[in-house]
Amino acid sequence: MTGSPSFKLRKATLQDVDITYQWQIHPAVRRFSRIETPPDFEDHQNWFVQSLKNRYREIWIFESAGQPIGQLRVDIGDKNEVSILISPDVTGKGYGDVALKLICDYYRDIDLWAYVKVDNIASIKLFTKNKFVHQYGNWYMLRSIKSMYSG
Ligand SMILES: CC(C)(COP(=O)(O)OP(=O)(O)OC[C@H]1O[C@@H](n2cnc3c(N)ncnc32)[C@H](O)[C@@H]1OP(=O)(O)O)[C@@H](O)C(=O)NCCC(=O)NCCS
């Protein structure tokens, strides 16, 4: 676990499959996803189970006062990609900022990339205020201090 007493990131478990499905199928989330068509439950469940087994992927649940209110995914690879969603019931209240700060701190030793659609204003604001810099196309990057000093 990582975070202050009221805000926490914890690793996802199989028990999170339902709540993450409810978030994933919400139109406000689908709209800004790379695949805009909502998955059916079985596809989501398969994806979730495989993701929990994948050693290059970490799924995190963001909690406020013990309640799950968001999901973050980090894929380790050529680009270490972070993606974030906050429960559509509670967006625009600053939770995305808290969650992203926690994840950036946890992965502070590696460069992090984010894929953001050009019309996703909330997400562009969120990533840029957390020091992600636009690289090209839809990609933003937060350079780790470690890689900054290693050239
Ligand atoms: C993008 C997302 C994670 C932001 O989380 P959030 O909790 O709503 O964001 P915050 O409240 O911390 O606000 C972050 C910034 O976005 C701005 N913002 C929030 N909602 C906004 C909206 N609907 N329109 C424009 N700006 C918005 C805030 O004002 C803030 O910017 P500021 O500090 O310059 O004022 C959330 O909206 C979300 O889950 N969206 C759907 C999924 C998604 O798009 N994920 C990102 C894919 S890359």
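For the elements I took DSSP runs, numbered from the N terminus, with helices being H or I of at least four residues and strands being E of at least two. The model is predicted, so local features need pLDDT of at least 70 and side-chain atom pairs count only at pLDDT 80 or more, while totals for chains, interfaces and linings use all residues. Residues are numbered from 1 along each chain as its sequence is written.

**Ligand shell.** I noted that helix 2 (27–30), strand 4 (81–86), helix 4 (95–106) and helix 5 (121–129) each give at least two residues to the shell around the ligand, and that helix 5 has the largest share, six residues. Of the 23 residues around the ligand, those that come nearest are Phe32, Thr91, Gly96, Asp97 and Ala122, where a residue counts as near if its C-beta atom, placed from the backbone, lies within 6 Å. By class I found 12 nonpolar, seven polar and four charged residues in this shell, with Ala, Val, Leu, Ile, Met, Phe, Trp, Tyr, Cys and Pro counted as nonpolar, Asp, Glu, Lys and Arg as charged, and the others, Gly among them, as polar.

**Strand residue.** I then turned to Gln67, which lies in strand 3 (residues 67–75). Gln67 is exposed because 10 other C-beta atoms lie within 10 Å, the scale being buried at 20 or more, exposed at 12 or fewer and partly exposed in between, with C-beta atoms placed from the backbone. From Gln67 to Asn46 I noted 21 residues in sequence and 24 Å in space, C-alpha to C-alpha.

**Helix packing.** Last, I noted that helix 1 (residues 17–24) and helix 3 (residues 41–53) pack at an angle of about 120°, with their axes 10 Å apart, the axes being lines fitted to C-alpha atoms over the stretch in contact and angles running from 0 to 180 degrees between N-to-C directions.
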